[in-house]
There are 2 protein chains.
Amino acid sequence: MVLAAQQIAPEADIAQALAEAGEYLDSSRPTAVNLAWAIRRQLDMVRRSGLDDIDAVRESLLAEARAIHAEDEQLCLAIGKHAAELLAGQTGLMTHCNAGALATAGVGTATAGMYVAHARGQKFTVYCDETRPLLQGSRLTAWELDQAGIDAVVITDSSAAQVLKEGRVGMVITGADRIAANGDAANKIGTYGLAIAAKHHNVPFYVAAPYSTFDMSLASGEEIPIEQRSAEEITNGFGRRTAPAEMATYAPAFDVTPAELIAGIVTDRGIISPVTAENVKAMIGE
Amino acid sequence: MVLAAQQIAPEADIAQALAEAGEYLDSSRPTAVNLAWAIRRQLDMVRRSGLDDIDAVRESLLAEARAIHAEDEQLCLAIGKHAAELLAGQTGLMTHCNAGALATAGVGTATAGMYVAHARGQKFTVYCDETRPLLQGSRLTAWELDQAGIDAVVITDSSAAQVLKEGRVGMVITGADRIAANGDAANKIGTYGLAIAAKHHNVPFYVAAPYSTFDMSLASGEEIPIEQRSAEEITNGFGRRTAPAEMATYAPAFDVTPAELIAGIVTDRGIISPVTAENVKAMIGE
C-alpha cells in the first residue's frame, strides 16, 4: 500500500486510488486472510485520519506498515511462548509448508514454539513435509530451522503417515491462511490429509496463527474460497517436464482442516482447545 | 537369469553360479516379492530338470522366462475381469504409483480393471497421484492411461485427501509389492496414507495383485522389509536442488497398509474380501 501510494498523482482521488490498489492486492490471495486484514487496516487508518494530502498519506501508510510489522513480530513471539509449553518434552515434531520466519515478521507461527523451545535448550527433530508443488517445506522451513541449529529432516508429503506410524512424532503443528468462526482452518494443500493421518495415529494436530488469521464473518470452513493453481506447477515444477504434455491436472492450492481434527489453535492470546465456535469466540471476539 | 546364464562358463558349477546370480538379482528389491518368486521358480525348474549342460540350461531358462511372461499377461487379465466388476458404475477412481502395463507383462494390476472396463465402453476419470519422489504416477500411469484413451488427471500426493473429500472418487485401487498372509500389503510409499484418507471418507480402498505377490511365509506386514532410498531423490530429484545441501532426509520407498484398511484384494483367482488371514489362505493356499 505504501508502494501503491507512491504511484498516486497529487490531483487523484486518494481514497479511491487506495481502495483500488487494495482490491488489486487482495485479489492475489483468495484464500489467505492476513493480507486482506492488513489492507483493510491501512484503508481504515487513512479514512479515520482525514488526511487529504498525498505526502502525509504516504507517510502515515509507511508508519502503519511498520506498526503492523512490529506487531506481527510480537504476535509471533506470543504464539511461540504458548506453543513452547505444548512442545515441552517432545522429541519429534512435524510440520507442513512454511509458516516460519521466512513467511512472517518474526519467529513464524508454526515454527514459533520451536524457536522458543530451542532457545530454552530443548532438543527435538522436526520432520518437514517437502510440500509439493512449490516445496516450501524443503526450500524454506527445513532451511530456516537448519540455519537456527534445529534438527530438520525433509520427507516427501506421502511419507508423513509412515513417519507417524513409526512413532517418530509426538505432535504436528502447522500454520493457517484463514480460520473460520468455528475453528475450521484453511492451510496449504496437504494439511488436511496430514491432520487425518495424525488423528489415525492419535498424534495431536495443532494449528498456530495470530488473531488476524481468524475470519469471524465465515461460519465454517466451507465458506473459505480455495485458490486453484496452474497445471504447470505439477507437470513442470522443477524446470523439467514430469508429466505428459497437455496432461489434465487438478491443483487446489489450499485445503480446509475441520475443527474436529484440530487438537488446539495456538494464538497470540492463548490456546483454543477444544476447538469449538464458542471457544473461538471467547478468545477472538466477534 | 537368462542373461546371467549366458555369462556362465561351460566348466563352472551351474547350480551354484545360478544361485549366486539369483541372490544378486533378488537383493535389488528388498520389499517387492514377485522378482524373488520368479527367480525361485527358475532355480527350481533347473534343479528339477536335472540338466547339467549349460546350453540346455540356457534354453530352458529362456523358455521358462517366456512362460512366466505369458502367465503374467494372463494373471493381469484375470485380475482385470474381477476388478471390472467392482468398477462398474464408478465415474471416478484414484490410484498411486504405477501398477500398470508399463510395470507388468499385460494390462497391469491396479490398472487392469480400468482397461477392461474402458474396453467395455465405461466412462470414468482416474486421479493419478504423482507419487513423489520418482513420479511414477505422473510419468507412467497418467501417460499409459492417456495413451489408452482413459481420462487421467494428475494430482500431487497431498491433494488426494481433498479430492476424496470433494466426492470425486468412488474407489481407490493400487498395486502391491508384497502381501503378507494376513493381507497386510506393502506398496509404494504414500499408499498407507492414501488408505487412511480413503477410510476417513468411507471410500473403499482396494489392492490388486496376482497370487505371486503373496508371501505366505510372513504372518503380517510388520515382517516385510522396507527399502530405504537415497536423500538425493528428495533433495535433487529433478536435476535441480530443492533442499539445502547436506539436508537430512528420511526416505522409505514403501509402506505397509494393514489389512483392516483394505476393502478387498483383487487377485487373478477372485476377490478376497473381507481381508482376513482365513480368506487369504482360502484363496491363495499355504
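This is a predicted model: local features need pLDDT of at least 70, side-chain atom pairs count only at pLDDT 80 or more; totals for chains, interfaces and linings use all residues.
Trainee: How many disulfides does a search of the whole structure find?

Mentor: A disulfide is a covalent bond between the sulfur atoms of two cysteines. Over all chains of this model, the search finds zero disulfides. Take Cys97(A): the nearest cysteine sulfur belongs to Cys128(A) and is 11 Å away.

Trainee: Is Cys128(B) buried or exposed?

Mentor: Compare the relative accessible area with the cut-off: under 20% counts as buried. Cys128(B) has a value of 0%, so the residue is buried. In chain A, Cys97(A) has 6%, so that residue is buried as well.

Trainee: Which strands pair with β11(B), and in which sense, parallel or antiparallel?

Mentor: Take the partners one at a time. Strand β7 of chain B, residues 205-208, pairs with β11(B) in the parallel sense over three bridges. Strand β12 of chain B, residues 270-272, pairs with β11(B) in the antiparallel sense, also over three bridges. Val207(B) stands opposite Ile265(B), and in β12(B) the bridge partner of Ile265(B) is Ile272(B). Between β11(B) and β12(B) the chain makes a hairpin through two residues.

Trainee: How do I read the contact of chain B with chain A, and how many residues does each give?

Mentor: Start with the residues, then turn to the area. Chain A gives 47 residues and chain B gives 47 residues. The area buried between the two chains is about 3900 Å², with 65% of this area from carbon and sulfur atoms. Of the area that chain B buries against chain A, 17% comes from Ser158(B), Phe238(B) and Tyr250(B), more than from any other three residues.

Trainee: How many salt bridges are there between chain B and chain A?

Mentor: The count is two. One of the salt bridges joins the side chains of Glu130(A) and Arg132(B), at 2.6 Å from N to O. Polar contacts form a separate count: 19 residue pairs across the interface of chain B and chain A. Among the elements that give two or more residues to the side of chain B that touches chain A are α6(B), β3(B) and α8(B).

Terms used: Residues are numbered from 1 along each chain as its sequence is written. Chains are lettered from A and ligands numbered from 1 in the order in which they are written. Side-chain values use heavy atoms; hydrogens and water are left out. A disulfide is a pair of cysteine sulfur atoms within 2.5 Å. Buried means under 20% relative accessible area, exposed over 50%, partly exposed in between (1.4 Å probe, protein chains only). Two strands pair if DSSP finds at least two bridges between them. Helices (H or I, at least four residues) and strands (E, at least two) are DSSP runs, numbered from the N terminus. Contact means heavy atoms within 4.5 Å. Buried area is the accessible area (1.4 Å probe) that two parts lose on being put together, summed over both. A salt bridge is a side-chain nitrogen of Lys or Arg within 4 Å of a carboxyl oxygen of Asp or Glu. A polar contact is a pair of N or O atoms within 3.5 Å; within protein, one must be able to donate a hydrogen and the other to accept it, and residues adjacent in sequence count only if both atoms are side-chain atoms.
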